[in-house]
Amino acid sequence: MYKVLPKQTASMYTRDGVRLDADIYRPDAAENFPVLLMRQPYGRAIASTVVYAHPIWYAAHGYIVVIQDVRGRGTSAGEFKLFAHEIADGEDSIYWAAHLPGSNGKVGMYGFSYQGMTQLYAAAAKPSALKTICPAMIGYDLYTDWAYEGGAFCLHTNLAWAIQLATETARLRNDQLAYQALLTAARNLPVNSPEILQQLAPESFYHEWAAHPQPDTYWEELSPKNHLQAVDLPMFHIGGWFDTYLRGTLNLYKNIAAQSIKAQHLLVGPWAHLPWGRRIGEVDFGKKAASPVDRMQIRWFDQFLKDIDTGLLQESFICLFEMGSNIWRTFPSLSTANQKSYFLSTTGLASIREDSGILSNASLLKSGNPPTRLAPQNSAPSTQDVLVHDPWRPAPSLGGHAGLPAGVFERSHIDCRSDVLTYTTQPLTEDLHLLGDVVVEIDCSADQPSYDLSAVLSQVQPDGKVYNLTQGYIHCPQNTVVPIKIQLQTTCVRIPKDNALRLSLSAACFPAYAMNSGNGAVMNSDDLRNAQVITLTVNCGGDRNSQILLPII
């Protein structure tokens, strides 16, 4: 370990003459060191210490650490425009960092969220000094991995982030009135009337994102996906089971691993976007869930920036935290799971609803054999379930990857609502291990031109408490083909014997996702005023079945 010199502040100029400011942390030694660069929009003093060790810690391990304010943020000059300048500015910053006094000319990058995105954009320019990156919790395709999920606008996270950035912009402009109004909105998000952004931040990216509800050329030009085809760098990919951008982390890993000859490693913990710790929501995943990322990144950078044989290249490429077991497990690939199909209600997974008195015998769950439906005496079995969505009181979001706060929460009070359909197995007779993508296929119809579907897979404990495991959401415009496939968040979990599985369906998950008015997304007060009651019929028997596909290992 090295002693670290006092922090220095330095500036560089981009190719178009914009000044970018950075803090530099150096080891106190007369040697040349590799450079670790983080580029971020929240004020460089923060340095992402909400999830990473302070830059002093990294510098003490023998690295020059540079934390830079991107254009138009912190004290850097220029105008901030979301992701617009990060390719060119990233390339210029890497060249500058590689030529700092004491640098050995090799640069690596780290950071999560926006700081992960700046790595991808910089890598797209293929600067020769950039040797490796560690992107965490990113959007590979900004439409499908960040702004929208299943065609539905990710309202809560997008609005919260837009107001955060707009508040900082107002502070930098010394606009006290706008700052106070936006700060108040940030503490009580105006999910039903986000017009405050139009009034106080008309330049916000939020308006462009909301105006492009389809994956058009706007998203193609903005997304890192379309700039990384020829990039081949060693990458350490980091994600969380309850991170709203896990789709991006996994899609980037899969695509780069398929085309790259360089090392691609993946780590996914039981974390939300932040923090990365043992407790997420209401569940404590134990001491092993504490983040190992800092020490793993030092080992990664030692391998690829200092040419030290750390043994990384002889280890499994994929390390995943298995929730329930609360241990880290390694895998050779993400395709180790076998998906098996279980029909809802009359032919498979679970009961039609506990409160109806109709229960399925799910003792043969793991074998995949369809259990027999047991109906109460003197009742005729039904092949349809009906739920009614009332826009005045939509089914609420709670935790998961799309809610704020994210994570695992007890949700039995939501499942007992009349606008939520639940399908629950009998207690499992042995432990059940899931790894991979959970997919729900729903054969349904609605009385309005458009509707949404939310699916939540939960664990039901012997004491009756219900905790969410993974969820998914889809926006169904007019003429949507059935059955509808809902992709749930990828997961890795052990459900112990004597617990049960539950699938919960609803026509809203608000405010995690923008509510459906019956004719499209509710994005403002007028849309809400015109929202219609939606009656949705789910077919779960006879010739038309709905089903869930579970990735069992």
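**Close-up views of a predicted model**

**View 1. Strand 13 pairs with strand 14.** Strand 13 and strand 14 (residues 327-331) run antiparallel, with 5 bridges joining them. Strands here are DSSP runs of E at least two residues long, helices are runs of H or I of at least four, and both are numbered from the N terminus. Two strands count as paired if DSSP finds at least two bridges between them. Look for F321, whose bridge partner in strand 14 is W328. The hairpin has 4 residues between the two strands, and G324 takes a positive phi near 95° there.

This is a predicted model, in which local features need pLDDT of at least 70 and side-chain atom pairs count only at pLDDT 80 or more, while totals for chains, interfaces and linings use all residues. Residues are numbered from 1 along each chain as its sequence is written, and side-chain values use heavy atoms, with hydrogens and water left out.

**View 2. The largest pocket has a volume of about 1,000 Å³.** On a 1 Å grid over the protein atoms alone, a pocket is an open set of points with protein on both sides within 12 Å along at least five of seven lines; a cavity is a set where a 1.4 Å probe fits but cannot get out; lining residues have an atom within 4 Å of a point. Points are joined across faces, edges and corners, and a volume is the space filled by probe spheres set on them. Of the 37 residues lining the largest pocket, A160, W161, Q164, H273 and L274 lie nearest its centre. Helix 5 (155-172) and helix 6 (176-187) each supply at least two lining residues, and helix 5 gives the most, with 7. The lining splits into 22 nonpolar, 12 polar and 3 charged residues. Nonpolar covers Ala, Val, Leu, Ile, Met, Phe, Trp, Tyr, Cys and Pro; charged covers Asp, Glu, Lys and Arg; the others, Gly among them, are polar.

**View 3. The second largest cavity holds about 60 Å³ of space.** The whole structure has 4 cavities of 30 Å³ or more. Strand 23 (466-476) and strand 9 (235-242) each supply at least two lining residues, with strand 23 giving the most, 4. By class, that lining has 4 nonpolar, 8 polar and no charged residues.

**View 4. Residues 346-381 have pLDDT under 50.** pLDDT is the predictor's confidence in each residue, from 0 to 100. The chain's mean is 91, and 92% of its residues reach 70 or more. Over residues 346-381, the model still has 86 contacts beyond four places in sequence, a contact being heavy atoms within 4.5 Å. Where pLDDT is low, though, the predicted coordinates should not be read in detail.
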